[in-house]
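Let's walk through this one in questions and answers. Have the sequence and the model open as you read.

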Amino acid sequence: MKKYLAEMIGTMVLVLMGCGTAVSLACDPANQASVVGTAMAFGLSVIAMAYTIGGISGCHINPAITLGVYLSGRMNAKDCGMYMLFQVIGGLIGAAILYLIVGSSEGMDPVTSGLGANNLQDGIGVTAGLLAEIFFTCVFVLVVLGTTAKTNGATNNFAGLAIGLSLVLVHLVCIRYTGTSVNPARSIGPALFVCGGALSNLWIFIVGPLVGGALSAMIWKVIEPVEGK
């Protein structure tokens, strides 16, 4: 149970800090400073949690990562399902806390603020948004699988740092298209509180990352080095 609770807490922190920064900076693709700040917040949240709960649960805090790890044969089906469940619960808690803070602040409205919820950006259609989530999640989860693999030398000593920085990179590229999810648990909580377009397009931010996570597992199986060689 400790590892499940660790995943819940880690995902809660990711949503609270990452989405909270998006709200505080009024993240907009047209505002480069807010994009960079939001990208850094998500990446730093992952780094912080990786070194906080990594030794307990592995710090997936993302169903797409959990799926990739499961398909790579590194965890069983029960843990996979429970990790995903507690990640979603953590995302809901993080979004609820952010909703309360924003709603209690003068001159701020939690719904109009967006709560950092994902949605298709101006000029971006469903196909482009779905493809962005699939391919950017694939890259991100591939980094996770590679840096944490026991067959990949000593790189796993710096896994938390590499994963966090890769998430910053993914956000810098993807915010323009979808606001960057690459994590269903990160998207579900805010969307349920904001509703509207964020809720109607939520399937993109569930299906896309999960497909991307599965794709990364397939790629890693092909390129994974043989242990001892």
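Tyr-4 and Tyr-83 are both buried, where buried means under 20% relative accessible area, exposed over 50% and partly exposed in between, with a 1.4 Å probe and protein chains only. A word on the ground rules: this is a predicted model, in which local features need pLDDT of at least 70, side-chain atom pairs count only at pLDDT 80 or more, and totals for chains, interfaces and linings use all residues. Residues are numbered from 1 along each chain as its sequence is written, and side-chain values use heavy atoms, with hydrogens and water left out.

Q: How do Tyr-4 and Tyr-83 pair, and what is the angle between the planes?
A: Rings of Phe, Tyr and Trp (its six-membered ring) pair if their centres lie within 6.5 Å; planes under 30 degrees apart count as stacked, over 60 as edge-to-face and the rest as tilted. By that rule the count is three aromatic pairs. Tyr-4 and Tyr-83 sit 6.0 Å centre to centre and are edge-to-face, with the planes at 85°.

Q: Which helices hold Tyr-4 and Tyr-83?
A: Helices here are DSSP runs (H or I, at least four residues), as are strands (E, at least two), numbered from the N terminus. The Tyr-4 and Tyr-83 pair links distant parts of the chain, 79 residues apart.

Q: Which residue joins Tyr-4 and Tyr-83 in a cluster?
A: Ring pairs do the linking here. The cluster holds Tyr-4, Tyr-83 and Phe-86.

Q: Why does the pair of Tyr-99 and Phe-193 tie together separate parts of the sequence?
A: Tyr-99 and Phe-193 make a tilted pair, 5.1 Å centre to centre with 35° between the planes. Tyr-99 lies in α4 and Phe-193 in α8 (residues 184–194), so the pair ties together parts that are 94 residues apart in sequence.

Q: Are Tyr-99 and Phe-193 buried, exposed or partly exposed?
A: Tyr-99 has 30% relative accessibility. Phe-193 comes in at 29%. Tyr-99 therefore counts as partly exposed, and Phe-193 also counts as partly exposed.

Q: How many helices and strands does the protein have?
A: From the N terminus on, the elements run α-α-α-α-α-α-α-α-α-α. That gives ten helices and zero strands.

Q: What is the radius of gyration of the protein?
A: The radius is taken over C-alpha atoms, and the globule rule is 2.2 Å times the number of residues to the power 0.38. With 229 residues, a compact globule would come out near 17 Å. The protein agrees with that, at 17 Å.

Q: Among contacts between residues at least 6 apart in sequence, how many join residues at least 24 apart?
A: A contact means heavy atoms within 4.5 Å. Of the contacts between residues at least 6 apart, the share joining residues at least 24 apart is 75%.

Q: Which elements do the buried residues of α3 pack against?
A: Helix α3 (residues 63–71) is mostly covered, with seven of its nine residues buried. Among them are Pro-63, Ile-65 and Leu-67. The buried residues of α3 pack against α4, α6 (126–148), α8 and α10 (204–223).

Q: Which residues does Ser-187 touch, not counting those up to four places away in sequence?
A: Ser-187 is found in helix α8. At 1% relative accessibility, Ser-187 counts as buried. The residues that Ser-187 touches, with that sequence limit, are Asn-118, Ser-181, Leu-202 and Phe-205.

Q: What is the phi of Ala-26, and where is Ala-26 found?
A: Most residues other than glycine have a negative phi. Ala-26 is found in the loop between α1 and α2 and is exposed, with a relative accessible area of 52%. Although Ala-26 is not a glycine, its phi is positive, at about 50°.

Q: Is Val-182 buried or exposed?
A: Val-182 is found in the loop between α7 (159–178) and α8. Its phi is near 45°, a positive value in a residue other than glycine. At 1% relative accessibility, Val-182 counts as buried.
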